[in-house]
Amino acid sequence: MWIRLLQLAHGSAHDNRGTEIWSTQQHIDVVARAVIRCFDEVARQYGESAYRGKWGEHFPRTELEALRTTWRERRVERAASPTAPPR
């Protein structure tokens, strides 16, 4: 997975108009694990009810659990595969 952070003059501008300020290439397992850990920490620290007040949206519990389930299933599949790429 390739991740790029762009600075945009206007938030709705197309990516080609942004200035890259950071980029990295990571295995999708690393990114999924980081997202899960971060949202778990936010829920632990602030609570799901305070999330909306702080960020203006409902806590993405459904999406987080779907990501967690998919991540776990893929880890099991890779572990069972004799040709699984190294981590």
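**Exercise 1.** How many residues does α3 have, and what does it reach from its first C-alpha to its last?

*Solution.* Start with the ground rules. This is a predicted model, in which local features need pLDDT of at least 70, side-chain atom pairs count only at pLDDT 80 or more, and totals for chains, interfaces and linings use all residues. Residues are numbered from 1 along each chain as its sequence is written, and side-chain values use heavy atoms, with hydrogens and water left out.

Helices are DSSP runs (H or I, at least four residues), numbered from the N terminus. α3 has 20 residues. Its reach is 29 Å, close to the expected 28 Å. The expected span is 1.5 Å times one less than the number of residues.

**Exercise 2.** Find the buried residues of α3 and say where they lie.

*Solution.* Buried means under 20% relative accessible area, exposed over 50%, partly exposed in between (1.4 Å probe, protein chains only). L64, R68, W71 and R78 are buried. Down the axis of α3, these residues fall within an arc of 100° (directions from the axis to the C-beta atoms), so they line one face. They pack against α1. On the other side of α3, T62, V76, E77 and A80 are exposed.

**Exercise 3.** Is D29 buried or exposed, and what does its side chain join?

*Solution.* D29 sits in helix α1. Its relative accessibility is 4%, so D29 counts as buried. Its side chain joins that of R78 through a polar contact of 3.2 Å. Such a contact is a pair of N or O atoms within 3.5 Å; within protein, one must be able to donate a hydrogen and the other to accept it, and residues adjacent in sequence count only if both atoms are side-chain atoms.

Notes:
Helices (H or I, at least four residues) and strands (E, at least two) are DSSP runs, numbered from the N terminus. Contact means heavy atoms within 4.5 Å.
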